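Please look over the sequence and the model below. The text then walks through the fold, starting from a single side chain.

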Amino acid sequence: MYLALDKETGDLILPEGGGVSRVSEGRFVVQQVQCKLRTMLGEWILDQSLGWLTLEDFDKNYDIASLERRARTIILETQDVLAINSLSSTYSNRKLLLEFSAETVYGTIDVTVPWGK
């Protein structure tokens, strides 16, 4: 079992009374993909190559094909993800919404990741 993260904030879920919440392997894969897709390039000081979006991606002349290509790479490089069934993105008012379905070793996952500045 793996540590459970809040779907909205990405923080550890700490139940009343102490301890931590845990998730199964399938939910852990979803958490991994969400964390990777929410990480801005260079955000983590110990590894500046971690992440995939920059502030320039939110300029007026954004490249949706490039954003989707990079998102696909992040998803497919996540441990236990086998294939992407579908991926769609919506970009509006400097906010990106990624929705995808992927096959994992634990079954199909459907994930929505909002991203914006």
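**From one glutamine to the whole fold**

Leaving aside neighbours within four places in sequence, glutamine 34 is in contact with Arg27, Val111, Thr112 and Val113. Contact here means heavy atoms within 4.5 Å. Glutamine 34 lies in helix α1. It is buried, with a relative accessible area of 10%. Buried means under 20% relative accessible area, exposed means over 50%, and partly exposed lies in between (1.4 Å probe, protein chains only).

This is a predicted model, in which local features need pLDDT of at least 70, side-chain atom pairs count only at pLDDT 80 or more, and totals for chains, interfaces and linings use all residues. Residues are numbered from 1 along each chain as its sequence is written, and side-chain values use heavy atoms, with hydrogens and water left out.

Now the sheet. It is open and has 3 strands in the order β3-β4-β5, with antiparallel pairing. β3 (81-92) and β5 (107-116) stand at the edges with a single partner strand each, so one side of each has no neighbour in the sheet. The twist averages 15° from one strand to the next. Helices (H or I, at least four residues) and strands (E, at least two) are DSSP runs, numbered from the N terminus. Two strands pair if DSSP finds at least two bridges between them.

β3 and β4 (residues 95-104) pair in the antiparallel sense over 10 bridges. Which residue is the bridge partner of serine 88 in β4? It is glutamate 99. Serine 89 stands opposite leucine 98 in β4. In a regular strand the side chains alternate between the two faces of the sheet. The hairpin of β3 and β4 has 2 residues between the strands, and asparagine 93 takes a positive phi near 50° there.

Two helices pack on this sheet. Helix α1 (residues 25-37) touches β3, β4 and β5, and its direction makes about 25° with that of β5. Helix α2 (residues 64-76) touches β3 and β4, and its direction makes about 150° with that of β3. Axes are lines fitted to C-alpha atoms, for helices over the stretch in contact, and angles run from 0 to 180 degrees between N-to-C directions.

The helices also meet each other. α1 and α2 pack at an angle of about 145°, with their axes 9 Å apart. Val33, Lys36 and Leu37 in α1 meet Ala71, Ile74 and Ile75 in α2. The residues of this contact divide into 5 nonpolar, no polar and 1 charged. Ala, Val, Leu, Ile, Met, Phe, Trp, Tyr, Cys and Pro count as nonpolar, Asp, Glu, Lys and Arg as charged, and the others, Gly among them, as polar.

Valine 33 lies in helix α1 and is buried, with a relative accessible area of 0%. Not counting residues up to four places away in sequence, valine 33 touches Ile75, Thr78, Val81 and Phe100.

What about the core? The largest nonpolar core has 23 residues, and those with the most contacts inside it are Leu37, Trp52, Leu53, Ile75, Leu96, Phe100 and Ile109. The elements giving two or more residues to this core are α1, α2, β3, β4 and β5. Such a core is a set of buried Ala, Val, Leu, Ile, Met, Phe, Trp, Tyr and Cys residues joined through side-chain atoms within 4.5 Å.

Aspartate 80 is found in the loop between α2 and β3. Its phi is near 75°, a positive value in a residue other than glycine. At 24% relative accessibility, aspartate 80 counts as partly exposed.
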